[in-house]
Amino acid sequence: MDTKTLKKLGLEAKEAKIYLALLQLNQATATKISNETRIERTLCYSIINKLIDKGLISYIIQNN
């Protein structure tokens with residue numbers, strides 16, 4: 001899958017980039033996603049929340 005396909009499905013460019021990175025990483029912190037995608041960490045949080053709202057990703061709390 002590539003970003004063009006995801007854009008056609010309604011995702012923005014950075015949303016698609018983060019989604020694809022998460023598919024490869026399986027589980028990751030925002031810092032790791034930021035490093036992988038080269039998107040600022042603070043912006044990653046915002047985009048991750050959008051993807052959660054769209055039902056495309058979820059999160060887990062580890063160690064409390």
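## A residue out in the open

R38 counts as exposed, at 79% relative accessibility. Here, buried means under 20% relative accessible area, exposed means over 50%, and partly exposed is in between (1.4 Å probe, protein chains only). R38 is found in the loop between α3 and α4. Although R38 is not a glycine, its phi is positive, about 60°. Helices in this report (H or I, at least four residues) are DSSP runs, numbered from the N terminus.

Where is N26 found? N26 is found in the loop between α2 and α3. The phi of N26 is also a positive value, near 70°, in a residue other than glycine. Like the previous example, N26 is exposed, with a relative accessible area of 65%. For background, most residues other than glycine have a negative phi.

## About this model

This is a predicted model, in which local features need pLDDT of at least 70, side-chain atom pairs count only at pLDDT 80 or more, and totals for chains, interfaces and linings use all residues. Residues are numbered from 1 along each chain as its sequence is written, and side-chain values use heavy atoms, with hydrogens and water left out.

## How α2 meets α3

Let us turn to the helices. Helix α2 covers residues 13-25 and helix α3 covers residues 30-37; the two pack at an angle of about 110°, with their axes 10 Å apart. Axes are lines fitted to C-alpha atoms, for helices over the stretch in contact, and angles run from 0 to 180 degrees between N-to-C directions. That angle makes α2 roughly perpendicular to α3, a label for angles of 65 to 115 degrees (under 35 is roughly parallel, over 145 roughly antiparallel, and the rest oblique).

Which residues in α2 and α3 meet? On the α2 side they are K17, I18, A21, L22, Q24 and L25, and on the α3 side K32, I33, E36 and T37. Contact means heavy atoms within 4.5 Å. The residues of this contact of α2 with α3 divide into 5 nonpolar, 2 polar and 3 charged. In this scheme, Ala, Val, Leu, Ile, Met, Phe, Trp, Tyr, Cys and Pro count as nonpolar, Asp, Glu, Lys and Arg as charged, and the others, Gly among them, as polar.

## The buried side of α3

In α3, the residues A30, I33, S34 and T37 are buried. They cover an arc of only 100° around the axis, so they sit on the same side of α3; the arc is that of the directions from the helix axis to the C-beta atoms. The buried residues of α3 pack against α2 and α4, the latter being residues 41-53.

Take S34 as an example from helix α3. How buried is S34, in relative accessible area? The value for S34 is 11%, which is why it counts as buried. Leaving aside its neighbours within four places in sequence, S34 is in contact with I39, E40, R41 and C44.

## Where α4 comes in

α3 and α4 pack at an angle of about 105°, with their axes 9 Å apart. These two helices are therefore roughly perpendicular to each other. Their meeting involves A30, T31, I33, S34 and T37 in α3, and R41, C44, Y45 and I48 in α4. By class, the contact of α3 with α4 has 5 nonpolar, 3 polar and 1 charged residues.

α2 also packs with α4, at an angle of about 85° and with axes 10 Å apart. That makes α2 roughly perpendicular to α4. From α2, the contact is made by K14, E15, I18 and Y19, and from α4 by L43, C44, I47, I48, K50 and L51. The contact of α2 with α4 has 7 nonpolar, no polar and 3 charged residues.

## Residues that come together

L51 is found in helix α4 and is buried, with a relative accessible area of 0%. Not counting residues up to four places away in sequence, L51 touches L11, E15, I18, Y19, L56 and I57. L51 and Y19 are 32 residues apart in sequence, and 7.9 Å apart in space, C-alpha to C-alpha.

D2 lies in the segment before α1 (3-8). D2 is partly exposed, with a relative accessible area of 36%. Along the chain, D2 and K17 are 15 residues apart, while their C-alpha atoms are separated by 8.7 Å.
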